[in-house]
Amino acid sequence: MTNSPRPTTPRRWKSLAFASVTLAATPALADLHRVAPITLASPDARLWLAQTQGGEGGEAGVTSEASPDAAYLTELMIVEGHMLAARDLYAMGQKDTAIELSKHPQEEGTLDALRKKIAEHKSGDVAEVIAAFTGTMEKGAPQAEVDAALTAVSAGFAAAAAVQADQVRARFDAVVLLLKASAEEYQGSIKDGKVEDVMAWHEAWSFVGLARARLQDLAALPLSAKAAPKAVKALEAADAAFGNPMAAVPLAGDAQILLGVAAKVELIASSVR
């Protein structure tokens with residue numbers, strides 16, 4: 001794994017920035033087991049897979065289908081996912097890369113736009129806790145301090161998402177959007193059979209972790225008590241794309257795995273009313 005700077009890619013943010021979502025801090029998961037890619041039974045799911053591939057066009061299609069509530073939640077999660085990925089990179093010794101990644105939402109204007117939406121929802125700002133998290137890494141703090149700063153970030157994002165707590169379908173739809181974003185980031189991170197963009201690869205992993213956490217939250221609610229556990233089970237297939245996410249050399253797997261998982265979770269979400 002290299003520490004080379006990642007070039008800014010406004011293209012990704014223009015289309016994804018507002019297919020984003022919020023989550024609770026999820027520590028890096030270890031000892032992942034590999035599973036076989038899922039087989040989709042639905043012709044509609046296969047059609048969605050074909051239409052979604054192709055980078056920017058696919059991402060734009062994802063965001064255009066989002067309801068305002070689902071889009072807001074997705075925006076929160078995408079920005080928070082950057083912080084989770086930065087935490088993992090810091091833990092792996094990739095400190096400069098971690099700091100750079102944590103600054104991307106601010107540098108690319110995404111954070112400012114999201115803060116306006118958070119204010120519209122009459123929730124607390126998240127800029128201060130993000131700045132504190134980045135500052136903790138910049139001073140070379142021990143991992144425990146970085147993790148504590150990330151906990152504060154997650155609490156801020158959870159508060160911003162709480163206004164949509166009763167929007168069960170929107171919350172489920174946001175998970176689907178996040179998984180589609182994960183597939184896009186993953187696909188964009190690989191070139192010639194190798195992981196070229198370490199930041200994007202770790203973003204993809206953090207999005208999967210956030211999706212899993214949000215589905216587990218949804219499993220506790222009556223309206224999604226049946227669907228959410230099925231989606232959690234479907235999400236297990238995503239592990240095959242990452243292997244051990246904390247390995248020195250990240251796995252350059254198949255983005256089709258993540259696309260397939262997103263499609264299957266989308267089918268499951270359609271049963272939630």
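These legends accompany several close-up views of a predicted model. Residues are numbered from 1 along each chain as its sequence is written. Local features need pLDDT of at least 70, side-chain atom pairs count only at pLDDT 80 or more, totals for chains, interfaces and linings use all residues, and side-chain values use heavy atoms, with hydrogens and water left out.

View A. Rings of Phe, Tyr and Trp (its six-membered ring) pair if their centres lie within 6.5 Å; planes under 30 degrees apart are stacked, over 60 edge-to-face, and the rest tilted. That rule gives 4 aromatic pairs. Tyr-186 belongs to helix 9 (residues 168–189) and Trp-201 to helix 10 (residues 198–218), so the pair ties together parts 15 residues apart in sequence. Helices here are DSSP runs (H or I, at least four residues), numbered from the N terminus.

**View B. Trp-201 also pairs edge-to-face with Phe-242.** Their centres are 5.2 Å apart, with 75° between the planes. Phe-242 sits in the loop between helix 11 (227–235) and helix 12 (255–269), 41 residues from Trp-201. Trp-201 is buried at 0% relative accessibility, and Phe-242 is buried at 1%. Buried means under 20% relative accessible area, exposed over 50%, and partly exposed in between (1.4 Å probe, protein chains only).

**View C. Ring pairs join Tyr-186, Trp-201, Trp-205 and Phe-242 into a cluster.** Within this group, Tyr-186 and Trp-201 are both buried.

**View D. Lys-95 lies in helix 5 (residues 95–107).** Lys-95 is partly exposed, with 37% relative accessible area. Its C-alpha atom is 8.2 Å from that of Glu-138, 43 residues away along the chain.

How values were computed: Helices (H or I, at least four residues) and strands (E, at least two) are DSSP runs, numbered from the N terminus.
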